[in-house]
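Open the model in your viewer and keep the selection tool at hand. We will go from the whole chain down to single residues.

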Amino acid sequence: QVQLMESGGGSVQAGGSLRLSCVASGLDPSEPNVMAWFRQGSDNERQGVAAVHRLGAPMYVASVKDRFTIGRDGANNTLYLQMNGLRVEDTGVYFCATGKYFSLRPRDFGTWGQGTQVTVSS
């Protein structure tokens, strides 16, 4: 049974940085185990932020390109999202997810964490 737990959220001023982490357990080695970050703002729409698999370049939504970095460490059991140059519009609940398709579409991910709040103030 796959379980994901996010941490690292908080409140920062615009221009600041945060590093989110997601600890995964129970990943099935027979699956591609794509991992990704999503966020939900005030409209409650879940938006893909970044995704990564074991090989190749990660994928980012255009609005975070060159500001955020996604990666895996800890023998691939930990996913992180380094967020620099944060903006007010980055505010939301950030979710870690895993699935078998390399995309930024929520429907391609079947297991989700509970989320961690990121608040950016001007």
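The tour below moves through the chain, a sheet, a disulfide and one threonine.

**Before you click**

This is a predicted model, in which local features need pLDDT of at least 70, side-chain atom pairs count only at pLDDT 80 or more, and totals for chains, interfaces and linings use all residues. Residues are numbered from 1 along each chain as its sequence is written, and side-chain values use heavy atoms, with hydrogens and water left out.

**Stop 1: the whole chain**

You will find eleven strands and zero helices. Both are DSSP runs numbered from the N terminus: strands (E) need at least two residues, helices (H or I) at least four. The C-alpha atoms fill a box of roughly 45 × 25 × 25 Å along the principal axes. Of the 122 residues, 41% count as buried; that means under 20% relative accessible area, with exposed over 50% and partly exposed in between (1.4 Å probe, protein chains only).

**Stop 2**

Two strands pair if DSSP finds at least two bridges between them.

Zoom in on strand 1 and strand 3 (residues 18-25). Five bridges join this antiparallel pair. Pick Leu-4: its bridge partner in strand 3 is Ala-24.

**Stop 2: the disulfide**

A search of the whole structure finds one disulfide. The angle about the S-S bond is -75 degrees, which is left-handed. Cys-22 is buried, at 0% relative accessibility. Cys-96 is buried too, at 0%.

**Stop 3: Thr-98**

Stay in strand 9 (residues 92-99) and select Thr-98. Is Thr-98 buried or exposed? At 6% relative accessibility, Thr-98 counts as buried. Leave aside its neighbours within four places in sequence, and Thr-98 has contacts that include Val-2, Leu-4, Met-35 and Phe-109. Contact means heavy atoms within 4.5 Å.

Key: A disulfide is a pair of cysteine sulfur atoms within 2.5 Å.
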